[in-house]
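Dear colleague,

I am handing over a structure for you to look at, and my notes on it follow below. Please read them with the model open beside you.

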Amino acid sequence: MLAPVRISLAQCDAVLGDVARNLDAHLRRVEAARVVGAGLVVFPELSLTGYGLRDLTPDVAMRTDAPALARLAHASHDIDIAAGWIDESPEHVHYNAAGYFSKGRLVHVHRKIYPVNYGMFEERRYWGAGDQVSAFDTAWGRVGLLICEDQWHPSTSYLLFADRADVIITLSASPARGVLRKSDGEEGPASSRTWDTLLRQQSAGLTLWSVYVNRVGVEDGTSFAGGSRVIDPFGEVVSELGLEEAQECVTLHPAPLARRRLENPMLRDERLDVTLGNLQRIARDRLGD
């Protein structure tokens, strides 16, 4: 059951390929979150390495027992941390990964299910694709992690909903694309409005909290859009950041979650047998026996 938790949204930039420098910045932000009484600090996608790595990938990739991750784990002894890096498997496959650190340990790793390979993106050229989506228990509630493009595929959010997540945390490095003008009633990147729509639908439809932390800054000519936000289980924005570096705390309360699930018992009534049976049929039709 969800307990009140104060979450620090660490909307920040990263130095491409410089794990040591990025780690130092993480530890400073963790300390700032600790000082204001946060129970969790969330960083953007690939916050420890930078995003546009390409051929730098093998130089910054880390196993889960890497010294840099050990330092971040140590910092989590009294405050939880969610951060991103390039994970290296025992078979030397590299993955875009997000991890959750708590009580001095790395307790959960999510590998990006949908590395982006269209438009300006070429992630599949350098990184493998994960194949596990699972929620996990924390001291304050049941949580699921997603990474950027994962959020655009309804199956990932649905799997976390089915796995009884109270909160879905999405780490992102989404660039600013399109422009909204004051004459349209809004101002800023059009891509931020799309993210807002996705997250509102997720929260309202699946009756859970959504926490989204996106990167800012410029890297290799790409500007990142910021716009980190928290959405309650009714689909309402509780907090929203702008285009610049910022660190803001938001408290997630259990009451809206309980009220929403009493009014709309989607989780209680979900027919997993129907979903599974029909997915098996669809897979046979699309993929063959």
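About 40 Å³ of space lies in the largest cavity, a cavity being a set of points, on a 1 Å grid over the protein atoms alone, where a 1.4 Å probe fits but cannot get out, and a volume being the space filled by probe spheres set on the points, which are joined across faces, edges and corners. This is a predicted model, in which local features need pLDDT of at least 70 and side-chain atom pairs count only at pLDDT 80 or more, while totals for chains, interfaces and linings use all residues. Residues are numbered from 1 along each chain as its sequence is written, and side-chain values use heavy atoms, with hydrogens and water left out.

The largest cavity is lined by S174, S191, S192, W195, Y212, N214, A225, G226, G227 and R229, where a lining residue has an atom within 4 Å of a point. Two or more of these lining residues come from each of α5 (190-206) and β11 (209-214), and α5 gives the most, with three residues. Helices (H or I, at least four residues) and strands (E, at least two) are DSSP runs, numbered from the N terminus.

The largest pocket holds about 290 Å³ of space, a pocket being an open set of points with protein on both sides within 12 Å along at least five of seven lines. Its lining consists of Y114, S155, T156, Y158, L159, A162, L272, T275, L276 and L279. The elements that give two or more residues to this lining are α4 (154-162) and α8 (272-287), with the largest share, five residues, coming from α4.

Helix α1 (residues 19-35) has end C-alpha atoms 24 Å apart, which agrees with the 24 Å that its 17 residues should span at 1.5 Å a residue, the expected span being 1.5 Å times one less than the number of residues. In α1, the residues V19, N22, L23, H26, R29, V30 and A33 are buried, that is, under 20% relative accessible area, whereas exposed means over 50% and partly exposed in between (1.4 Å probe, protein chains only). They cover an arc of only 125° around the axis, which puts them on the same side of α1; the arc is that of the directions from the helix axis to the C-beta atoms. The face turned away from this buried side carries the exposed residues A20, R21, R28 and V35. The buried residues of α1 pack against several elements, including β1 (5-11), α3 (67-75) and β3 (80-88), with contact meaning heavy atoms within 4.5 Å. Just after α1, G37 takes a positive phi of about 85°.

The largest nonpolar core has 35 residues, of which F43, M62 and I81 touch the most other members; such a core is a set of buried Ala, Val, Leu, Ile, Met, Phe, Trp, Tyr and Cys residues joined through side-chain atoms within 4.5 Å. The elements that give two or more residues to this core are α1, α3, β3 and β4 (94-102), and the largest share, five residues, comes from α3. Leaving aside residues up to four places away in sequence, F43 touches A10, C12, H26, R29, V30, I81, A82, A83, L171 and V213. A second, separate core of 31 residues includes I7, L9, W209 and V230.

With best wishes
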